[in-house]
Amino acid sequence: MKALVLLSSLGVIALLAEIFSFKKLLYPIVLLGLVTAFVLNVFDWDTNHTFYKMMQYDNYAVAFTGVIIVIAFLWFIMAEGFFKEESNLTDHFALVLFALVGAVMMVSYNNMAMLFLGIEILSIPMYILAGSNKTDVASNESAFKYLIMGAFATGFLLFGIALIYGATGSFDLSEIANAVSSGTAARSIFSVGVLLMLIGMAFKVSAAPFHFWAPDVYQGAPTVITAFMSTIVKTAAFAAFLRLFSTTFMEVHGTWMNVVWVMAALTLLVGNITAVVQTSTKRMLAYSSVAHAGYMLLALLAGNDYSNSAILFYAAAYSIGSIATFCIVHIISNAKKSDGVDSFNGLAKTNPFLAVVMTIALLSLAGIPPTAGFFAKYYIFTSAFVAGNVGLVLIAIIASLIGVYYYFRLIIAMYFKESSSTEALPVESNHKLLLLFIAVLIILMGLFPDWVIKLL
Amino acid sequence: MSAIQTIPIEWYILLSTVLFTIGVAGVLIRRNAIIIFMSIELMLNAVNLLLVAFSSYLSDSKGQVFVFFIMAVAAAEVAVGLAILMMVYRNTKSSDINILNKLKW
């Protein structure tokens, strides 16, 4: 709760910086603010603080808020260059901070109104940020597609909320659950509402067959914003998805389980297979992010005691790995003006440090021990296995084998292919520190997964 | 019994579903960006209509409060949307979305 208030005020402070001209100080203020927000968030642990039944800061919300703030901190260090351009500096800060406010609302809502507002507070700044490269047509296109698809998905989500309201007479999650279990809800209208909300949420987490906007948006947007979208936005959307379906809609799981089963299988296969044929690394990572949504759907479908911790760990491991890969793609595409797979050729000779960190991050994304990604997949598969979804686990294992293939394509390009230039690419020292930190974190999370997994 | 309740609730559900479907079809079929925005507004207004009807039938004001949230957010979304469209127009001199085909595969 306090973290949410602090993040909102940081956003306002960012806007005030334009008027009172302390723009230069803004970057350290925001970093400090994020650290403070994290500490305040830790104090909310086990308090189960509620705010007029609208928001509920149970441990689930606090854990996901913590992950989001940590990733946001790493992201701010990665994106320092994005906050150097004089003319739009304060806007960029304010938009990102307000998007974070939306993300925190999405993991702690206890009312449909807060879910809707959280999604919109997160999405509207993201539409603007996706188009922040104003003269680049690809960035424009990305912003436009994101806006249309986002608003379209919101329409479905709202229609679902309206039908659920009609069936149960409430927007409150626990009241809805009570109305359903006591049998006072109009069942047919409620089921249609649940399915429409499922479509809306599937759009937001980019699960197939509602994933088609994601690759375009991720490729066209500036790389730092793509990193934000595929980490923080994805984590928040999944936390919101899980919070709704694992509690309120669990009573009617018969209506949505089969749909999610098909969705998960499709997402895994489409995401991984399409990623294989991509030539742009950004687009490949976009499809891989679609595929990772599929793994998380597995735990959502399982809906047992393991699901929450499995998704928390997966979201954290995946986001940290993604920040590192996008940071390196950002460095390389800035230097070489290309984000093709062949721009990674010979990186191990010119920048051995970048190549090592990239390898660790890719191994983690592919799920190879002893990295964080291995345990993330392990917990997801365990939760799905315990729930009896053996067929889906098999599909997921085949999909991760395909995944290994395209992640290794980059590793092979870095280590075994020759590059025309032998000059080392310039890497800023803060990026070096960040990448070193992330590499250590990935290994540590792989060696001691209990730290995160025991939280929920 | 208020005026809104002289018509059975099923008709309101049917009307909003039809309006919503027209909106969805508009987004999927039309190629002009402005018309697409209008279709999205139609989808959201179908939801508003449904919420108000339910709210009246349930004698509960929460649904109408939600409508205000939707209106405010829809206004913000369209403001951003038109700004993005202006940006696209400055670069491409067109509001036809078929021009936006740089990103595929």
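Student: In this predicted model, what is the handedness of the crossing in which H12(A) passes H16(A)?

Tutor: Helix H12 spans residues 281-302 of chain A and helix H16 spans residues 372-386 of chain A, and their axes come within 8 Å and cross at roughly 35 degrees. The crossing in which H12(A) passes H16(A) is left-handed.

Student: How many nonpolar residues does the contact of H12(A) with H16(A) have?

Tutor: From H12(A) come A:Tyr295, A:Leu298, A:Ala299, A:Leu301 and A:Ala302, which meet A:Lys377, A:Ile380, A:Ser383, A:Ala384 and A:Val386 in H16(A). Sorted by class, this contact has one charged residue and one polar residue, and its nonpolar residues number eight.

Student: Is B:Ile9 buried, exposed or partly exposed, and why?

Tutor: B:Ile9 lies in helix H1 of chain B, residues 9-29, and touches B:Ala53 and B:Tyr57, leaving aside residues up to four places away in sequence. The C-alpha atoms of B:Ile9 and B:Tyr57 are separated by 7.5 Å, although the two are 48 residues apart along the chain. A residue needs 20 or more C-beta neighbours within 10 Å to be buried and 12 or fewer to be exposed, so B:Ile9, with 18 inside 10 Å, counts as partly exposed.

Student: Which helix gives the largest share of the side of chain A that touches chain B?

Tutor: The contact takes 32 residues from chain A and 31 residues from chain B. On the chain A side, helix H5 (112-130), helix H6 (137-168) and helix H9 (213-220) each supply at least two residues. The largest share, 17 residues, comes from H6(A).

Definitions and conventions: Residues are numbered from 1 along each chain as its sequence is written. Chains are lettered from A and ligands numbered from 1 in the order in which they are written. This is a predicted model: local features need pLDDT of at least 70, side-chain atom pairs count only at pLDDT 80 or more; totals for chains, interfaces and linings use all residues. Axes are lines fitted to C-alpha atoms, for helices over the stretch in contact, and angles run from 0 to 180 degrees between N-to-C directions. Helices (H or I, at least four residues) and strands (E, at least two) are DSSP runs, numbered from the N terminus. A crossing is left-handed if the near helix is turned anticlockwise from the far one by less than a right angle, and right-handed if clockwise. Two residues are in contact if their C-beta atoms, placed from the backbone, lie within 7 Å. Ala, Val, Leu, Ile, Met, Phe, Trp, Tyr, Cys and Pro count as nonpolar, Asp, Glu, Lys and Arg as charged, and the others, Gly among them, as polar.
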